[in-house]
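Good morning, and thank you for coming. I would ask you to look at the structure on the screen before we go through it together.

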Amino acid sequence: MVMEGEPGCLVKVLHLLVLSATWGMQCWVTFVAGFVMIRGVPRHTFGLVQSKLFPIYCHIVLCFSFLSLVVYAVYHPRELLSPSESGQMGLFFISVIASALNARWFSPSTSKAMFNMQVIEREHGLGGEIGLSSNIEGYKRLREQDPKYKALRKTFLRYHGISSLSNLVSLLCNGANLVFTALLLPAI
């Protein structure tokens, strides 16, 4: 479906709003919300809140990234793409893939491992402390004493790291697309 001519003003505004809302939400969740919460609520509460917010967050990022890709692709036919437009299309596509993997696999796997860890932590009186640096010795002892907990922690850290990386990749792609979009504005 090749669209004739330039997109209308409404399409341009909606595209920019969706792209900027996605990037702003990603910046807030990645660099502010988690750091504020981990310093202000008990660990298990933090984990519960994250497990409820992240599926919604990841799916919104996925939907908005897909919408941005579709709008861009409709108004930039493949056969007419310049090298910079091809790069931008690739960034939109990478954002969709990273968001989809995070929404459907990495984030749920992280939450599952976290909840399994929390069961063991509760049995040992852990999880009610505020901040990551609280009761470091208690968690260290638990890892040394319980091989199941140690394996769960390793699984959690692996999925959490991959989830964080895919979130960061999507954030960087959307940020780069905002830069491309801003550079193409005729005037502000």
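Leaving aside its neighbours within four places in sequence, with which residues is Q88 in contact? Before I answer, please note that this is a predicted model, in which local features need pLDDT of at least 70, side-chain atom pairs count only at pLDDT 80 or more, and totals for chains, interfaces and linings use all residues. Residues are numbered from 1 along each chain as its sequence is written, and side-chain values use heavy atoms, with hydrogens and water left out.

Now to the answer. Beyond those neighbours, Q88 is in contact with Y72, N177, F180, T181 and L184, where contact means heavy atoms within 4.5 Å. Q88 lies in helix α3, and its relative accessibility is 2%, so Q88 counts as buried. Buried means under 20% relative accessible area, exposed over 50%, and partly exposed in between, with a 1.4 Å probe and protein chains only. Between Q88 and T181 there are 93 residues in sequence, and 9.3 Å in space from C-alpha to C-alpha.

Let us turn to the overall fold. The protein has five helices and zero strands; helices (H or I, at least four residues) and strands (E, at least two) are DSSP runs, numbered from the N terminus. Its C-alpha trace spans about 65 × 30 × 20 Å along the principal axes. Of the 188 residues, 39% are buried.

Next, the interior. A nonpolar core is a set of buried Ala, Val, Leu, Ile, Met, Phe, Trp, Tyr and Cys residues joined through side-chain atoms within 4.5 Å. The largest such core has 14 residues, of which F54, Y57, C58, L69 and F92 touch the most other members. Two or more residues each come from α1 (9-38), α2 (43-75) and α3 (83-123), and the largest share, seven residues, is from α2. Leaving aside neighbours within four places in sequence, L69 is in contact with M89, F92, F93 and V96. Apart from this core lies another, of 10 residues, including M114, M117, L126 and Y139.

Finally, how do α4 and α5 pack? Helix α4 (residues 136-145) meets helix α5 (residues 147-183) at an angle of about 110 degrees, with axes 5 Å apart. Axes are lines fitted to C-alpha atoms, for helices over the stretch in contact, and angles run from 0 to 180 degrees between N-to-C directions. At the contact, Y139, L142, R143 and Q145 in α4 meet P147, Y149, K150 and R153 in α5.
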